[in-house]
Structures are given as structure tokens and as C-alpha cells.
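Let's take a walk through this structure together. Keep the sequence and the 3D view open side by side as you read.

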Amino acid sequence: MGMIATQDLLNRASAETGLDDYGDLPFRDALDRLVNSADSEAKLSEGGRERFAGSIIGYLVNRLKIVDYLKKHPDLLDKPIEKPMFVFGLPRTGTTLTINMLASDPARRHYMRWEALNSVPPSKPGGYKDDERYLAEQQRIDMSQKYMPHLSAIHHEDADSPSEDQFAMAMSFCSQLFDSVLDVPAYHKWFLHEADYEPAFRFQKMQLQVMQAENGGRWTLKNPWHPLYLDALTTVYPDAQLVMTHRDPLQVVGSACSLVNAVRPIYSDAVDRRRIADALMETFDLMIERQRAYRARHGEDAIFDIDYAEQVSDPVGMMRKIYDHFDEPFTPEAEAAMRACIAENPKGKHGKHKYTLEEFGVSEDEVRERYKDYRELYGFA
């Protein structure tokens, strides 16, 4: 198996599109780091190497098309992204339930999986159900559900479900996504401790400006990992509304490890479970620390908090609280759509998710000790 060469990936993306302008925002250093780390550290299987290269080319192709579209429609860059709402929190804490309910409000605009990965030309309002990009992505999901039903049991998304806007950051190769699917220690260290996240958000904003060209509404986005980079996020979106979900880390760590452990074999035959736990727990430490630091600078209520148990017991009541907090009208249409959303998506609809901490070489005491302050602060102790 030869090495993966960054230039080869760039050439293949250009060949596929006939384009070669990636815009003036930096991404090459991040891409080089990711590819080198994947190549030398991730123990990629032969199929995994192809899948990884294919995914990188996919992000490069989408980036090329977005830059090209904006050159032809420069007026889109003047269109604001007004008061976007970002939902985040440690993974497995209810971010999906939250975004699904918010996205059902007809006044809102969410980041759909199919268009996130294939954004040009921009989607038409509501008329995308016959768009071949939507149909192809849904077909791919249906197929993977057949062959990997355990993944849907843990986290299911349809082609038009609200997806994680780290797919936008992935086009700048500065995304936690890569740290989840691969064991890439050098990239992990750079991503958490050295990366400049701002260019990734600047490019994300450009993608949103393309996506809203014909299909607007208030952007409502979700990415569990946003606590890592709230400063960059709010530099690019100064009027962003921030919402954080919280759940006892005792329930979170094993569940998050189990999701990563379900995905990694797609890329590598050598998956080390304890390494998954160590990388995730270090990431969680930083997420907690950075969002605390953000509040210390901007005030405790700069982020609206959702308690997982309270949300599960009264989801619509929690939505009402969010709208009140941000002084947004909670319309009868929004409430009706949210109630329908809950009825259509009972917990465990796609199967039950089973896991234990011990599978990952971690004990409950270790998690209790490590997240002692967080558990006390948010009432989980």
C-alpha cells in the first residue's frame, strides 16, 4: 500500500470538477497534518485507506464548488447569517433530540446531511425530495442501515435530518470528525491544542450563504464539539445563540466510546478501545474547561443550559424555555410541529444501544473522579 499523497487528492478533486480555486482561506496545513497522521498512525486497512481518501476528495470537491459558485454569485457573501443558534454539549447528552425539535419549527432552517456534503447548486425550499443528491444520500443511508444496523441504533440520521455542522469544518480539515473516525494522535494533539479554528468557521459561513440562497430561515445548527471553539465561533457569528446540553458523564463516556468503536472498523482492523476512551476523555476535559472559561468572560447566561433528564421528561416545556431565554416567539405552528416530531421519534426507534464502560478499560470510579467538579456543578453527583 503506497502512501496517501495530499497533492494526489487535490489533483483528483480538480479532475473531478474541472476547478482548482479553493478560496483564500488557509486549509493546506491542516490537510497535510491530517493526511500524514492518517497515513503513518491510523493503521488504515486497504478498504479504509480508500474510504478515507474518498471522503477527503468529497470535502475538497464540495469546497471547490462552493468557492466557484460564490465567484459567480458574489452578492450572496453580503447576505447575513442572522442570530444562528448553535446546539452543543458532550456527545450523547441529547443534542440530537434538541436539534430535531428545533428544526421542526417551520421558521427555522437546519443543516441537512445531503446538502452539507453536496451544496451546489443550492437547494430549493421544500422541493428537494426529487433532488438526485437527496435521493442518492438517502439510498446510501438505507444501505448502510441494512449492513450496519448497530450504527443506526446508536445514532440515526436520514438524508434530510439536521446533521452536524462539523461537516462544514471538515472542508477546512479542522474538524473533530476526523479524530473520531481515526486514531490519529498527531492530528489529535494539533487539533486540540494548536489549531486556529477561525478559518473553518469563516468557510462554514460561506457554505451557509450558498445554502440559504433559495431556501432561507433562521439557521439552527448542531455539533457536540463546539465548546472547543466558542471564541472562534462567536468571532465569526457575533450574534450567535448558544445552547448546551448536559448529562452525567457516567452515562456519556461509555456511550460516546461505543459510537466511536462502531465507526472505526470501517477504516482500520486494529482498534484499541482504551485509546478511544483516553482521546475522548481528554477532549471532554477541554470542552468543559473552555465553555467554563467562555462563561467567565461573557457571563453565566451567555450559554443556555439544558438538563438531559428534564428535557426528556418535558421536551416541549424545555423548548419553551429556550425560546423565552432568547426572546423568540414560540408559535403554535412550532409547538405543533415539535409535538409531532416527538411522536414520530420514540427513543429506541432504531434499536437499543448497549455498551459498558468496562469494555473500554474504564471504571465508573475513574469517570466519577475525573469529572467530579463538572458533576457537582451541574447536579449529577
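Start at Lys222, which you will find in strand β3, residues 218-222. Please keep in mind as you look that this is a predicted model. Is Lys222 buried or exposed? Its relative accessible area is 1%, and because buried means under 20%, Lys222 counts as buried. What does its side chain meet there? The side chain of Lys222 makes a polar contact with the side chain of Thr96, at 2.9 Å.

Now turn to a pair of helices. Helix α2 covers residues 28-41 and helix α10 covers residues 185-193; the two pack with their axes 7 Å apart, at an angle of about 150 degrees. Angles over 145 degrees count as roughly antiparallel, so that is how α2 and α10 run relative to each other. On the α2 side, the contact is made by Asp29, Ala30, Arg33, Leu34, Ser37 and Glu41, while α10 brings Pro185, Ala186, Tyr187 and Trp190. Sorted by class, this contact of α2 with α10 has six nonpolar residues, three charged and one polar.

Our last stop is Ser14, in helix α1, which spans residues 6-17. Leaving aside residues up to four places away in sequence, Ser14 touches Leu19, Asp20, Tyr22 and Leu64.

Conventions:
Residues numbered from 1 in each chain as written. Predicted model: local features only at pLDDT ≥ 70, side-chain atom pairs only at ≥ 80, totals over all residues. Heavy atoms only, no water. Helix = DSSP H or I, 4+ residues; strand = E, 2+ residues; numbered from the N terminus. Buried < 20%, exposed > 50% of the residue type's maximum accessible area, 1.4 Å probe, protein only. Polar contact = N/O pair within 3.5 Å; in protein donor to acceptor, adjacent residues only side chain to side chain. Axes fitted to C-alpha atoms, helices over the stretch in contact; angles between N-to-C directions. Parallel < 35°, antiparallel > 145°, perpendicular 65-115°, else oblique. Contact = heavy atoms within 4.5 Å. Nonpolar A, V, L, I, M, F, W, Y, C, P; charged D, E, K, R; others polar.
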